[in-house]
Number of protein chains: 2
Amino acid sequence: MIHQEIKRKFISIVSPENFQDSPVERLSYSFDSSPDMPAMPDAVISPRNTKEVSEIVKICNEHRIPIVPRGSGTNLCGGTCPVEGGIVMLFKHMNKILELDEENLTITVQPGVLTLDIITAVEDKGLFYPPDPGSMKISTIGGNINENSGGLRGLKYGVTRDYVIGLEVVMPNGDIVRTGGKLAKDVAGYDLTSLMVGSEGTLGIITEATLKLVPKPESKKTMLALYHDLEAAARSVSKIIANKIIPATLEFLDQPTLQVVEDYVKIGLPVDAKAILLIEQDGPPAVAQRDIEKITAICREEGAFSVEVAKTEEEATALTTARRWALSALARLKPTTILEDATVPRSEVANMVRAIGEIAEKYNLLICTFGHAGDGNLHPTCPTDARNREEMERVHKAFAEIFEKAVELGGTITGEHGVGIAKAPYLELKLGKAGLAVMKAIKQALDPNNIMNPGKIFAKDDKTKLVIHK
Amino acid sequence: MIHQEIKRKFISIVSPENFQDSPVERLSYSFDSSPDMPAMPDAVISPRNTKEVSEIVKICNEHRIPIVPRGSGTNLCGGTCPVEGGIVMLFKHMNKILELDEENLTITVQPGVLTLDIITAVEDKGLFYPPDPGSMKISTIGGNINENSGGLRGLKYGVTRDYVIGLEVVMPNGDIVRTGGKLAKDVAGYDLTSLMVGSEGTLGIITEATLKLVPKPESKKTMLALYHDLEAAARSVSKIIANKIIPATLEFLDQPTLQVVEDYVKIGLPVDAKAILLIEQDGPPAVAQRDIEKITAICREEGAFSVEVAKTEEEATALTTARRWALSALARLKPTTILEDATVPRSEVANMVRAIGEIAEKYNLLICTFGHAGDGNLHPTCPTDARNREEMERVHKAFAEIFEKAVELGGTITGEHGVGIAKAPYLELKLGKAGLAVMKAIKQALDPNNIMNPGKIFAKDDKTKLVIHK
């Protein structure tokens, strides 16, 4: 509960309509896209500008009130669940595109802007903002920056962090700090910009961001390759890259996923294929065409029994449908869906997919795997039922083994979803005690009162938690 | 002085031949490429592996002995001057390329490998490591990572940080931490990799690095455009980018630089030009050709009085000569050369160059300007004489104004040289008190005893220091 006197201070800062603490409002923000870990905030606050954010943070810091910054709550790691109460901070008023600078190829935005609105705004000018997380239609850029969101174009274009070149951040003590700028080169001290990106709201509140843009690719080609075995698909992935071709998208779906999607959308998918690759290349038309021809040849050489290049944009959209529908299709199978993002070096994708299959069998579970094969970022997904305790026990054990295997193969426990609550117990697996200690030292130094999104990234105990999609 | 007992411990770790404390050895490592700030270390130590580094660091941490990690000492900010004594750590034994992984497009190296050896090794395999600092023939990758080195290809390809995806670091307490990996996506906690890159040896010692590679561009075209006025050159730069063309290189030289270079190398440079642009584009031949044609048209439209595209590789090399010789030519004019790297948003290059000219006039100094126009990273350079106190006073005042102007234009005090000792007094200009406080808090948290390259980045006072090249 927030003390009446403090509540009055908050209201005097943001005005009454931007401070909510009715049970309905609090309930609305008690969960995010990871609904197994609901937790009630004490209030929901919507500042209108950076100064108001700073004033709120100062009060919270003085009174040790947790703050959970929240965009659209689409994260998949429990990152915006207010597990220690306090206030949820919304950015519905700070949702402007401040400047699209065509000379410096940058866009400066407030945190509440929808990712898709940025993508659309820059494409209208012939520019390109590549990060395209699955949630981009409804996620905000502030959330993307806090989670360092990935997407389907990560292989060629990188992730959110690669495009954030300047930030305005309200630090946990209320100080307003500006990092970077419209600069391609800046070595004035430590890279605070990269440190803030992906820090999941635990180090400060991002109130403005300058993003780097690139010229929009001139054209795009889309193709689909079908395989009778997984290894052949994985070999194709490796061989494409080893041939110095970096496709814009290089997605993988296994047979169980394919079956589930076909059952759902009934678009005539080849459910007899053991694995499919969805590949897109962009660039100048001649270059995209040449690359797609080379990729076609490689897929055939490696044993694809069918390779199809879309002839029209409609065909291309049809080809990408299976991949886009994967999560929705899987989510309708059973009441609960566990979607993970274990990531390995590209060369280990076949080993990882095979290991996932063996682990699923060992624990007698259906685990479908799809994801970004080109960058080793897989999404092993388990349709299950949270009410079935015995099965959930097996699910937890299976995913713990999957994370261990990923790390053993030189990979990581999370490629693009973030640590949040869900992966916190596994973080030490990836970082070791020493690496974890470094991160904790940074957190302690910048947020000594632990007000910024407490309970995230760092586990209080090693209790296993998985993200459950209902 | 290092106590005899501690000296014995060091020797027992690295063996006698790798511990030197003779006056000659100490003198050899008392300066780097910024020779106005010599300072004697107490000893020079050359560990053979990470374990030895860790053992040395633990002893230093216990006894508060400063450690200055040093590659080839080519940095331009006093970054490897042992201003507080202690030991200089060399990596002459840790100089192996450990793995070139063609499947994952990575190379894993020890810190002592020469940058050029990495570039050559990967190009032999059709791959490309883009960062190309001016010193790349003799600099080590460890030094490049610590300084986040830039180069001529930064506009299109980014800087060192953009290619470091995994590190092994010995922390100030001796802990060995591994960050990142052969991973395109990894959101397991804070981005320690980016934090370490560019930290100038103040947060830990890098003992291994995994670098991202890209396919080698298929071809390259080089051209030179000459202008009767600076604004026209600057407008060309902006218009090229605004036309969605990102050249691999987009370098600028002003008339004074041109004159000095011609006087030195006598290759028939057009010394009547007020400004020249050296432009390179790479990529598939048809694309590079098309871009160069478009750039040619833009330069002509904006008033270039001569545009020349190299027809052969020899011609291309001839065109780049002027740029490559700029520093050497300037350095022979007077006993002392001040080379700076104020950086502004690309759109402000003309304003910045004009301001530098005005400041030079105000203080009655010759300041030549050349640099990376495409990324706004300029190198205003002043040939002077450190023995002339009166002139040096004016030089210091002039550069202080240049830094202020850069920051005023949305730029930074250092684009690629680092802060070190030289820029420390100006860091607050860029970061503000609050930003500087955040960086200091990180330093304090990770290196509480201040043993890692003390005296760098953070100024003890605001005494102006400039890097002087003799």
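**Exercises on the interface of chains A and B**

Chain A and chain B bury about 6100 Å² between them, 63% of it on carbon and sulfur atoms; buried area is the accessible area (1.4 Å probe) that two parts lose on being put together, summed over both. This is a predicted model, in which local features need pLDDT of at least 70 and side-chain atom pairs count only at pLDDT 80 or more, while totals for chains, interfaces and linings use all residues. Residues are numbered from 1 along each chain, chains are lettered from A, and side-chain values use heavy atoms, without hydrogens and water.

**Exercise 1.** State which three residues supply 17% of the area that chain A buries against chain B.

*Solution.* Lys185(A), Val187(A) and Tyr190(A) supply this share, more than any other three residues.

**Exercise 2.** Determine how chain A can be laid on chain B.

*Solution.* Step 1: superpose the copies by least squares on the C-alpha atoms of residues with pLDDT of at least 70 in both. Step 2: a turn of 180° with a shift of 0.0 Å along the axis gives an RMSD of 0.0 Å. Step 3: the two copies are therefore related as by a two-fold rotation axis. Step 4: the same surface serves both copies, since 100% of the contact residues of chain A recur in chain B (contact means heavy atoms within 4.5 Å).

**Exercise 3.** Describe the salt bridges between chain A and chain B.

*Solution.* Step 1: apply the criterion, a side-chain nitrogen of Lys or Arg within 4 Å of a carboxyl oxygen of Asp or Glu. Step 2: the count is eleven salt bridges. Step 3: one example joins Asp375(A) and Lys185(B), at 3.2 Å from N to O.
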